[in-house]
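Please look over the sequence and the fold shown here before reading on. The paragraphs that follow lead through the structure part by part.

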Amino acid sequence: MVEDLETSLFLEYARRKMAFEYDNEEVGELAVKILSTLIERNEAIPDETLALILGISATEIRRVLHVMHKAGLVGLIRESTDQYRYEYKWFINKDFIRKFLVQHINDVAAKLMRRINTLSTTTLYICPTCFRSYTLDEVYEYDFRCPRDDTELVQVDAPSEIAFLTSTVKNLRREETG
């Protein structure tokens with residue numbers, strides 16, 4: 001399968017998300033196999049069929065699919081069968097991937113904008129060891145020492161960080177429209 005940039009970014013995000021969710025790299029790799037199969041087939045596929053294609057138990061496939069669905073990585077459709085039962089099929093397509101990435105870019109940009117706003121309105125200090133940030137009130141309370149590792153806190157260079165974050169947001173917006 002030839003991957004474009006969007007697809008490879010999407011697959012890498014999925015791999016990391018699922019590996020983190022289960023604290024298991026193998027689950028992240030399984031997620032990539034499932035997603036790659038759905039992308040290659042470009043159709044909605046039942047979980048039992050995915051299990052046969054990949055040679056993995058349907059229970060394991062379902063477990064990963066449900067978490068990916070909850071995270072917005074795959075879509076789900078329900079179809080009626082002749083026996084008045086429902087069959088659930090999983091899908092993913094290029095439009096789905098693009099929408100997911102645009103949403104993710106928007107989420108990241110929103111977080112960065114909140115950080116810019118905080119830097120503009122508050123004096124922040126950071127621990128050079130654990131990188132946790134603290135407000136001026138917290139710094140006074142902790143006597144300018146990190147409560148986690150007792151390292152001396154350093155004031156954040158707000159103007160340069162704001163410039164860097166603003167540049168990053170502009171680049172994200174460019175990627176979003178490009």
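Which residues in α2 meet which residues in α4? Before the answer, note that this is a predicted model, in which local features need pLDDT of at least 70 and side-chain atom pairs count only at pLDDT 80 or more, whereas totals for chains, interfaces and linings use all residues. Residues are numbered from 1 along each chain as its sequence is written, and side-chain values use heavy atoms, with hydrogens and water left out.

From α2, Val27, Leu30, Ala31, Ile34 and Leu35 meet Glu60, Ile61, Arg63, Val64, Leu65 and Met68 of α4, where contact means heavy atoms within 4.5 Å. By class, this contact of α2 with α4 holds nine nonpolar, no polar and two charged residues (Ala, Val, Leu, Ile, Met, Phe, Trp, Tyr, Cys and Pro count as nonpolar, Asp, Glu, Lys and Arg as charged, and the others, Gly among them, as polar). The axes of helix α2 (residues 25-41) and helix α4 (residues 58-70) come within 10 Å and cross at roughly 85°, which makes α2 roughly perpendicular to α4. Here axes are lines fitted to C-alpha atoms, for helices over the stretch in contact, with angles running from 0 to 180 degrees between N-to-C directions; under 35 degrees counts as roughly parallel, over 145 as roughly antiparallel, 65 to 115 as roughly perpendicular and the rest as oblique. Helices (H or I, at least four residues) and strands (E, at least two) are DSSP runs, numbered from the N terminus.

Turning to the strands, an open sheet of three has the order β1-β3-β2, with antiparallel pairing, two strands being paired if DSSP finds at least two bridges between them. Its edge strands are β1 (45-46) and β2, each of which pairs on one side only. Strand β2 (residues 75-80) is joined by six bridges to strand β3 (residues 86-91); glycine 75 has phenylalanine 91 as its bridge partner in β3, and glutamate 79 stands opposite glutamate 87. Five residues lie between the strands in the hairpin of β2 and β3, where tyrosine 84 takes a positive phi near 55°.

A further open sheet of three strands has the order β5-β4-β6, again with antiparallel pairing, and its edge strands, each pairing on one side only, are β5 (133-135) and β6 (154-155). Two bridges join β4 (residues 124-126) to β6, and the bridge partner of isoleucine 126 in β6 is valine 154.
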